[in-house]
Amino acid sequence: MSTVKNSFVSSLPAALVALSITVPSTGLAQETVYPLTIENCGRQLTFYKAPSRAFADGQNSAEVFYLLGLGDKVAGTALWIGPVLEGFEKVDARVPRIAELDPSFEGILATKPDFVATQFQWQIGPEGVVARVEQFEELSIPVYTAPADCHLKGKNADGAEPPKFSMDLIYREIDEIARIFNVADRGRTVIGEMKAREQAVKARVVALKGDVSALFWYSSAKLNADPYVAGEGGVPAYLMAELGIRNVVDSNEEWPTVGWETVAKANPTIIIAGDMTRRRFEGDDIAVKLDFLRHDPVASVMKAARQGQIVEMSVQLMDPTVRTIRGLEVLADALERYEFVR
């Protein structure tokens, strides 16, 4: 079976890896003017100075800080799905990790934060498993929620099109965190590099040979249960749309469960299987996924499974993160490898 593995650091600018992002010589550094008010997830956050002790609840939230050169401002992190971005191991090693998965409200407070960034509302939100935003606000600790999560989890009228993901949501997060912490120029540098990569990969895949369809398989609670696959609106839908790939899952949910019989009938050209170090579900392990696709009596008859047109992709590339552009690159690599690009 042929597979495609992904690597992020190979396309990360060396300046970002070394945390030596420089301000262009053509102008002076742009200082944040305080008080600064940010609209975030339906709330107004006002800052009178740059925070000094941030807590990152979510791996992407931590990695945004690291990319912006703010590792020394991070008092603690939690909720990790995989290894830190290559090149940032030493930075991350100096930051206390209070939990690999869900932190406790008390555990976060023990780091004495004056700012909390959360990647997901299911962690810190209206029904957060960790806490509600109001619990932090009562202690005068502002909570910044990733704009992509607010957007994608927004309520829609019944039958309405799902909210669409775009990289602008990630760029907004980087820009806003940079301005809050008075490193706006670093934010522009990071965003500029990512936009250049986004345009470069789109230029590689101008047209495909015929109808190319795909299934994104995130995980399965049990292998004999319906898998969690990508519907419309989330990151995989964005990746497929940008490269002209048809999603075989017709659902307005971001990650619906769909039976393998239904998937097999749709017969996707490519299967993108999620790779992660998390072991919450039986289907989290990529090796388990690959074995299932080889031997399950229903899944194994699909053309993609029979011909080995399976792409191993880190699930972080399937979520709204700073790695999403790498997901676009990995998918483009696969299209070229399987000779689907005109």
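Let's start with Q123, which touches D57, L79, D102, P103, T118, G128, V129, V130 and A131, leaving aside its neighbours within four places in sequence; contact here means heavy atoms within 4.5 Å. You'll find Q123 in the loop between β7 (115–118) and α5. Helices (H or I, at least four residues) and strands (E, at least two) are DSSP runs, numbered from the N terminus. Q123 is buried, with a relative accessible area of 0%. Buried means under 20% relative accessible area, exposed means over 50%, and partly exposed is in between (1.4 Å probe, protein chains only).

Before going on, keep in mind that this is a predicted model, where local features need pLDDT of at least 70 and side-chain atom pairs count only at pLDDT 80 or more, while totals for chains, interfaces and linings use all residues. Residues are numbered from 1 along each chain as its sequence is written, and side-chain values use heavy atoms, with hydrogens and water left out.

T321 sits in the loop between β13 (310–314) and α13 (324–337). Apart from neighbours within four places in sequence, T321 is in contact with N60, Q119, I170 and Q316.

That I170 takes us to helix α7, where I170 is one of the buried residues. The helix covers residues 167–180, 14 residues in all, and reaches 20 Å from its first C-alpha to its last. That is close to the 20 Å expected at 1.5 Å a residue, where the expected span is 1.5 Å times one less than the number of residues. Because 10 of its 14 residues are buried, α7 is largely enclosed by the rest of the structure. Among the buried ones are M167, L169, Y171, E173 and E176. After α7 comes N182, whose phi is positive, near 60 degrees.

Now for the cores. A nonpolar core is a set of buried Ala, Val, Leu, Ile, Met, Phe, Trp, Tyr and Cys residues joined through side-chain atoms within 4.5 Å. The largest one has 74 residues, and F65, Y66, F115 and L335 have the most contacts inside it. Helix α7 gives the most to this core, with 8 residues. As for L335, it is in contact with V205, L208, V212, L243, I245, I270, F340 and V341, leaving aside neighbours within four places in sequence. There is also a second, separate core of 21 residues, which includes W217, V258, I286 and I310.

Next, the aromatic rings: the structure holds 14 aromatic pairs. Rings of Phe, Tyr and Trp (its six-membered ring) pair if their centres lie within 6.5 Å; planes under 30 degrees apart count as stacked, over 60 as edge-to-face and the rest as tilted. Take F105 and F136: their ring centres are 5.0 Å apart and their planes are at 75 degrees, so this pair is edge-to-face. Since F105 lies in helix α4 (residues 105–109) and F136 in helix α5 (residues 133–137), the pair ties together parts that are 31 residues apart in sequence. Both F105 and F136 are buried. F120 and W122, on the other hand, are stacked, at 5.8 Å centre to centre with 25 degrees between the planes. F120 is buried at 12% relative accessible area, while W122 counts as partly exposed at 37%. Ring pairs also link F47, F65, F115 and F181 into a cluster.

Rings can have charges over them too, which here requires NZ of Lys or CZ of Arg within 6 Å of the ring centre and within 35 degrees of the ring normal. The charged end of R97 sits over the ring of W80, 3.9 Å from its centre. Likewise, the charged end of K289 sits over the ring of W217, 5.7 Å from its centre.

Finally, look for the structure's 1 disulfide, a disulfide being a pair of cysteine sulfur atoms within 2.5 Å. C41 and C150 form it, with their sulfur atoms 2.2 Å apart. With -115 degrees about the S-S bond, this link is left-handed. C41 lies in the loop between β2 (36–40) and β3 (43–47) and C150 in helix α6 (residues 147–152), so the pair ties together parts that are 109 residues apart in sequence. C41 is partly exposed at 31% relative accessible area, whereas C150 counts as buried at 15%.
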